[in-house]
Amino acid sequence: MGRPDPEEGQQPAPVKPPDGGWGWIVLFGCFVITGFSYAFPKAVSVYFKELMKDFHVGYSDTAWISSIMLAMLYGTGPVCSIMVNQFGCRPVMLIGGLLASSGMILASFTTNIIELYLTAGVLTGLGMALNFQPSLIMLGTYFDKRRPLANGLAAAGSPVFLSSLSPLGQVLLEKFGWRGGFLIMGGLLLNCCTCGAVMRPLDMGMKRKMEKAQDKYEAKEMLPVGGKSEEGISTTDGTKKAKKTKKKPKKGKKLLDFSIFSNRGFIIYTISKFILVLGLFVPPILLVNYAKDTGVPDTEAAFLLSIIGFIDIFARPACGMVAGLKWVRPHVAYLFSFAMLFNGLTDICSARASNYTGLVIFCVFFGISYGMVGALQFEVLMAIVGSQKFSSAIGLVLLIEAFAVLIGPPSAGRLVDALKNYEVIFYLAGSEVVLSAIFLATATYCCLNRGENKEPPLEKNPSAGGGSDTEEAESDVQEAEEHSSDNHQLAHSADNTTVAASEEANHVSEEQSGEGGGCPEGDGEVLAQDGCNADQMVERDRF
């Protein structure tokens, strides 16, 4: 039962995603990493007023800290992909946790705003980037059937941590000041190292077991059997050496797989995601100022973001459960298009909201649609490129999104300063999100779901870690299978050679016995001819 016995001549099967077990620990680690990565750049904004007083700078100068963090999170995607493919997920996450923590700790000793940019911005942002991307790769490794639900639960870490870190930062600021708050925040980021430590690759110990099974198999197959001549065994050894010389060398590891650009689905997803990011983050960024301009008090205006976060907490897991249904999962790209369309129409319809009730209704629907988008974005990418190429795909997608992040919100802010009108900004942002939804749905239907040039089927068996360990393990498994087939061929060739050698020996002995019996040339020519021809006919029939 279960796995085949290696002693019976079968190689151990590749590890399949457990869809549970230790995967739940990995899911919790991904939940924490996602929360820190998305919520931390926003949570540090509670320290901005104190930083403005100490360093004598403006709000725009301090806002660059969060901007640099997000730019590092998105822009270093290809670097993270290369490191994951080269070293694996766990080492990269451990290094990232140390960098993120050390960045905030060093920031507590800075004396000017430039040093804050380099420590809290660059160093902490790079550390969180080195944690975020590998955690998603490991999540796709441990879950297959329940992957949509797992992605939804992990994405819920963003609103949960946002609603926790902001009040915590305010308490730390009041009791310890911004320097003490940064120091304690740096200590909290060390939890990223703990999350990285639990990211155990599925193929751990797989090579060792495979080597033991292969040794046992070769020992059983290559033992000489009684009755086989030395000539047959030596022929087998020669054939084995010839096989080894013809054996292909193991393929090198790809640091960044650009072949995903030949995938039409990936191209469609990347274009639609770029358009989406141009307008997705604009409404929550401008919402508080928009509410204040309509006459809403400051405390009530700030509470609007809490409404979005609270709805978002429940929307993401719920959407993940829906995406995991059997009749929905094959069409998850269309569900993602619906989520984007829902979000864009929410922005457009709320552009004329002029009172607090209207803004609350907008926050409820925006929280639902925003949670759906957050839960489905990486699930759709995994479904398109497969787990083998996901490490390279997410790095390239995040890099492209970085340009959209740097274009969308700053452009919206400049338009607000120029027009003094938030209504136009909401219309523009909603139109961009709707356009991305229409493009994804239309392109998916026309280019992918028609009979022309169908994409290859998706991988049902996600790889272990999505990185270098996975590719090496799979190549070893394939190598072992080739050895298995070679051993069977060697065994058959040894048997055939031995049989041929024994028949040849019998043939020689019969010829010698025929000569010893004396086939006379003269008077006994007829007898000799009959006897020798009979032996020759037997030998011809035998061969």
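The side chains of arginine 147 and glutamate 379 come together in a salt bridge, 3.1 Å from N to O; the term stands for a side-chain nitrogen of Lys or Arg within 4 Å of a carboxyl oxygen of Asp or Glu. This pair ties together distant parts of the chain, with arginine 147 in helix α7 and glutamate 379 in helix α16 (residues 356-385), 232 residues apart. Helices (H or I, at least four residues) and strands (E, at least two) are DSSP runs, numbered from the N terminus. Arginine 147 counts as buried at 8% relative accessibility, and glutamate 379 does too, at 1%. Here buried means under 20% relative accessible area, exposed means over 50%, and partly exposed is in between (1.4 Å probe, protein chains only).

All of this comes from a predicted model, in which local features need pLDDT of at least 70, side-chain atom pairs count only at pLDDT 80 or more, and totals for chains, interfaces and linings use all residues. Residues are numbered from 1 along each chain as its sequence is written, and side-chain values use heavy atoms, with hydrogens and water left out.

A second bridge joins arginine 329 to aspartate 144, at 3.8 Å from N to O. Once again the partners sit in distant parts of the chain, 185 residues apart: arginine 329 is in the loop between α14 (298-323) and α15 (332-349), and aspartate 144 is in the loop between α6 (113-142) and α7 (147-155). Arginine 329 is partly exposed, with 22% relative accessible area, whereas aspartate 144 is buried at 18%. Put together, Asp144, Arg147, Arg329 and Glu379 are linked in a network of salt bridges.

Aspartate 312 and arginine 316 meet at 2.7 Å, N to O, and both lie in helix α14, four residues apart, or about one turn of the helix. Both are buried: aspartate 312 has a relative accessibility of 3%, and arginine 316 has 5%. The count of salt bridges comes to six.

Turning to methionine 72, this residue sits in helix α3 (residues 59-75) and is buried, with a relative accessible area of 18%. Setting aside neighbours within four places in sequence, methionine 72 is in contact (heavy atoms within 4.5 Å) with Gly121, Val122, Gly125, Leu126 and Ala129. Its C-alpha atom is 8.8 Å from that of leucine 123, which is 51 residues away along the chain.

Of its 543 residues, 46% count as buried. Among the contacts with a separation of 6 or more, 87% are between residues 24 or more positions apart. The accessible surface comes to about 26,800 Å², and 63% of that belongs to carbon and sulfur atoms. These areas come from the Shrake-Rupley method with a 1.4 Å probe; for residues, only the protein chains shown count as cover.

Finally, there is the matter of confidence. The chain averages a pLDDT of 76, and 70% of the residues score at least 70; pLDDT is the predictor's confidence in each residue, from 0 to 100. Over residues 225-250 the pLDDT stays under 50, and the model has 26 contacts beyond four places in sequence for this stretch. Residues 507-543 also have a pLDDT below 50, with twelve contacts in the model beyond near neighbours in sequence. Where pLDDT is low, the predicted coordinates should not be read in detail.
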